[in-house]
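Open the model in your viewer and keep the selection tool at hand. The stops below are meant to be taken in order.

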Amino acid sequence: METITKQKIPFKHIADSLQENFDIIAQLVEITGQRWSFVCGRKLPENVFAVPIRIRINKHTGIILYDTKANNSSKIDYIKESIIKIANRLDNNQQISKEEIIEFLTTKDNDKIETLFFWADVVRRKYVGDDVHIRGIIEFSNYCFKNCLYCGLRRDNKKIHRYKMSIDEIFNTAKKAATLGYKTVVLQSGEAMVYPIKKIAELIKKIKQELNLAITLSLGELEYKDYEILQKAGADRYLMRFETTDRELFKRLKPDSDYDARFKRLYWLKELGFQTGSGIMIGLPGQTPESIADDILMFKKLDLDMVGNGPFIPNPDTPLKDTNGGTLIDALKLVALTRIVTLNAHIPATTALGTISSQGRQKALHCGANVIMPNITPREYRRHYMLYPGKICVDENTSDCNKCINAMVLCAGREISTNFGHSLKK
Ligand code: SAH
Ligand code: SF4
C-alpha cells in the first residue's frame, strides 16, 4: 500500500475518464512478485463477464481494465499506451515532445484521436477539476484601426456598421451579468481606443466596487502606461492571442502589427500582475503542423494563466474569404494538446468552436476545456461584432443563453463554478 500511495498516479481521474468515455472499469492493483492484489477501483458487476487487461505501470503498481461492453478492441493498445504515459509523465514531470504533438495533429486514426481526448480529460480532471467557469463577454466596440487579413472588423471592411456602446450601457450589461450569477465579465473590442484610457479605468473601478466582478480585458496592443492604468484600476486579467509563432505568417496576416512588439506586451502584462491569456486560431492558410506545435509549446513557455484557441472561420468580407478554415477535429485536438501541455491553465470552449459545430463546445468540455464565455453583448450590437460569419447566439437574449449554457454544463456532468475562477498558477 505504501508504495502505491507514494505514486502520483491520478488513478481516480483515469478510472472516471475510462468509465465515462469507453465504459471501461479500472482497478488499481499492487504487484508483489506474481501477485496482482486489488487496492481500489470499481468492482466488475456480477452479471458481466470481461477478460482482465493488465497494465504494469511500474515495479509495484498496475491497473487492470475490464472492457465491459467489449467495444474498444481496436483502440485498447492506444488506451494502454495512454495510461502508461499519463502515469509516468505525471510521476516524472516528463513533457510531451514536439514530435508527439505533430503526430497527434496529423493523425487521421480515430482511435488514436479518441485516446488523445481521454488523456486530456484525465489531465483536466486532475488539474482543474469539474468546475466550469462562466465569463460573460461584452463586445463593446467594433471600431478597429488594424487590418488583420482574417478579421471582419479590419479597417478596410466598409461593409460593417461600426458601433460603440456607451459607458453606461457597458456598466448596465455587466450588472446584468452579475444578476445572472456570473463572476467575470470580459470587455473586448477592436483595436481603437474609442474612450480615453481614464474613462475605461473609471468604468473598471465602478464595476469592481459596485458589482464585485472579476474583469478581463481584451483590447489589443496598448502602451505600457495604459496597461498599468488599467491594472491599477482593478482589471484582473488580459487576453491577447499571439495568433501564430511563425514570424513570416504573422507578418502576412497582421500587416500592421509587429511580432516582437506583441510578444513583448504579453510579458509586460505578466510583469504588471495581470492573469494573462493568449492563444491562436487553427486552420489559417500557411499554418503547418510544425508551426502549430511551436504555438502549443509557446503556451507553456509563456506560462499562461489562460489559453483560448478556436478554429479560423473565413469571413466573406476579408482577403481570406476563399480559404478553407479550421475543422472541428483539428480545433478539438488543439484544445486537448493545450490541456496536456499547460496542465492547469483555464481553457475555454470558444464561441468559434460552437459556430462550426452545434456540439463543438460540449465536445471541448470532454477533451480539456473548463471555461465557457457566453456573449452578453446587447442584442442590437451583437450582430455587428462580426469577426467571422455565422456566429452563434446572435439572436438569443442573455437569459436564454444562460439557460442553454447551464444545460450544456450539466449534460457534460460538470458544475458551474461559484467562485471567480482566478488563475490556478502559483
Ligand atoms: N482586437 C483585439 C481583440 C478582438 S479580436 C485583438 O485582436 O487582440 C479577438 C480574436 O478574434 C482575435 O485574437 C482572433 O484570434 C479572433 N478572430 C478574428 N477573426 C477571426 C475569424 N475570422 N475566425 C475566427 N477567429 C477570429
Ligand atoms: Fe482588429 Fe483584433 Fe480584428 Fe485585428 S483581430 S482587425 S486587431 S479586431
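Which residue just after H11 takes a positive phi? Select Asp-303: its phi is about 50°. This is a predicted model, in which local features need pLDDT of at least 70, side-chain atom pairs count only at pLDDT 80 or more, and totals for chains, interfaces and linings use all residues. Residues are numbered from 1 along each chain as its sequence is written, chains are lettered from A and ligands numbered from 1 in the order in which they are written, and side-chain values use heavy atoms, with hydrogens and water left out.

Next, select helix H11, residues 289-301. Helices (H or I, at least four residues) and strands (E, at least two) are DSSP runs, numbered from the N terminus. The 13 residues of H11 should span 18 Å at 1.5 Å a residue, which agrees with the 18 Å between its end C-alpha atoms; the expected span is 1.5 Å times one less than the number of residues.

Colour the buried residues of H11, among them Ile-292, Ile-296 and Phe-299. Buried means under 20% relative accessible area, exposed over 50%, and partly exposed in between (1.4 Å probe, protein chains only). The cover over these buried residues includes helices H4 (98-106), H10 (259-271) and H12 (328-342), with strands E10 (281-282) and E11 (306-307).

Move to Lys-176 in helix H6 (residues 167-179). Lys-176 counts as partly exposed because its relative accessibility is 41%. Leaving aside residues up to four places away in sequence, Lys-176 touches Thr-398 and Ser-399, where contact means heavy atoms within 4.5 Å.
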